[in-house]
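This report goes through selected features of one protein chain.

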Amino acid sequence: MRGIASLVVVSLMLVAVGCSKPLADAQVIKNIHYFSDDYAAQPNDVYYALRFALEQNGFPMNAENMQDGVFTTAWLPVTSDSHYIPLFNRKEYSVTNSFFQLDIRVVPMDGRTQVDVGTRVKSLVDKLKSSGVIERQVLADIGNFLRKGEPTITNLGVSE
């Protein structure tokens with residue numbers, strides 16, 4: 001009788017120890033798709049606009065290298081519309097236990113400045129892709145910050 005009780009206790013201890021180890025670790029998905037826009041502004045003005053855009057959207061800055069024009073935000077949880085899984089020829093949006101980090105590149109060009117915004121994802125799901133909602137919002141907020149004058153709107157289009 002004591003032998004059976006001892007065997008049960010040892011078995012339960014082995015089960016408890018075996019269940020405390022993670023079966024899988026999330027990996028950073030290395031493939032980043034960038035969304036880009038260019039602005040008629042100097043890189044210094046774009047840096048201020050970028051800080052404004054990140055602050056507006058609640059993205060805390062993690063690292064910034066102004067010389068190389070590379071910025072990253074802190075890791076934030078994926079939202080229900082920010083990322084999707086391609087599943088059976090459609091986009092499956094749902095909240096996963098995943099996190100994303102914005103990777104931003106500011107590239108000076110001839111009189112203009114190009115901004116590339118992409119998301120780096122850490123997830124157990126290896127096919128998680130960005131919907132572009134966050135990246136486009138950051139680019140739009142940069143444009144809104146840089147728009148100093150009143151835009152001209154005619155039947156031929158808009159000029160700023």
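Helices α2 and α3 cross in the right-handed sense. The model in which they lie is a predicted one. The two axes come within 8 Å and cross at roughly 125°. That angle makes α2 oblique to α3, because angles over 145 degrees would count as roughly antiparallel and 65 to 115 as roughly perpendicular. From α2, the residues that meet α3 are Asp-45, Val-46, Tyr-48, Ala-49, Leu-50, Phe-52, Ala-53, Leu-54 and Gln-56. Their counterparts in α3 are Val-138, Asp-141, Ile-142, Phe-145 and Leu-146.

**The open sheet**

An open sheet is built from three strands in the order β7-β6-β10, with antiparallel pairing. Its edge strands are β7 (90-93) and β10 (129-130), each of which pairs on one side only.

On one side of β6, the pairing with β7 is antiparallel and runs over four bridges. Within it, Ile-85 has Glu-92 of β7 as its bridge partner. The two strands form a hairpin with two residues between them. Phe-88 sits in this turn and has a positive phi of about 55°.

Strand β6 (residues 83-87) is also joined to β10, by two bridges, and these strands run antiparallel. Here His-83 stands opposite Ser-130 of β10.

Ser-94, in the loop between β7 and β8, touches both Ser-80 and His-83 when neighbours within four places in sequence are left aside. The C-alpha atoms of Ser-94 and His-83 are 7.8 Å apart, with a separation of 11 residues in sequence. Ser-94 has 29% relative accessibility and therefore counts as partly exposed.

**Salt bridges**

Side chains of opposite charge can pair when their charged atoms come close. In this model the count comes to four salt bridges.

| Pair | N to O distance |
|---|---|
| Arg-51 and Glu-64 | 2.6 Å |
| Arg-105 and Asp-103 | 3.0 Å |
| Asp-103 and Arg-120 | 3.2 Å |

The salt bridge between Asp-103 and Arg-120 has its closest N and O atoms 3.2 Å apart. This pair links distant parts of the chain, with Asp-103 in strand β8 (residues 99-108) and Arg-120 in strand β9 (residues 113-123), 17 residues apart. Through shared partners, the salt bridges join Asp-103, Arg-105 and Arg-120 into one network.

Is Asp-103 buried or exposed? Its relative accessibility is 1%, and since buried means under 20%, Asp-103 counts as buried. Arg-105, by contrast, is partly exposed, with a relative accessible area of 29%.

Note on methods. Residues numbered from 1 in each chain as written. Predicted model: local features only at pLDDT ≥ 70, side-chain atom pairs only at ≥ 80, totals over all residues. Heavy atoms only, no water. Pairing = 2+ DSSP bridges. Salt bridge = Lys/Arg side-chain N within 4 Å of Asp/Glu carboxyl O. Buried < 20%, exposed > 50% of the residue type's maximum accessible area, 1.4 Å probe, protein only. Contact = heavy atoms within 4.5 Å. Axes fitted to C-alpha atoms, helices over the stretch in contact; angles between N-to-C directions. Parallel < 35°, antiparallel > 145°, perpendicular 65-115°, else oblique. Left-handed = near helix turned anticlockwise from the far one by under 90°.
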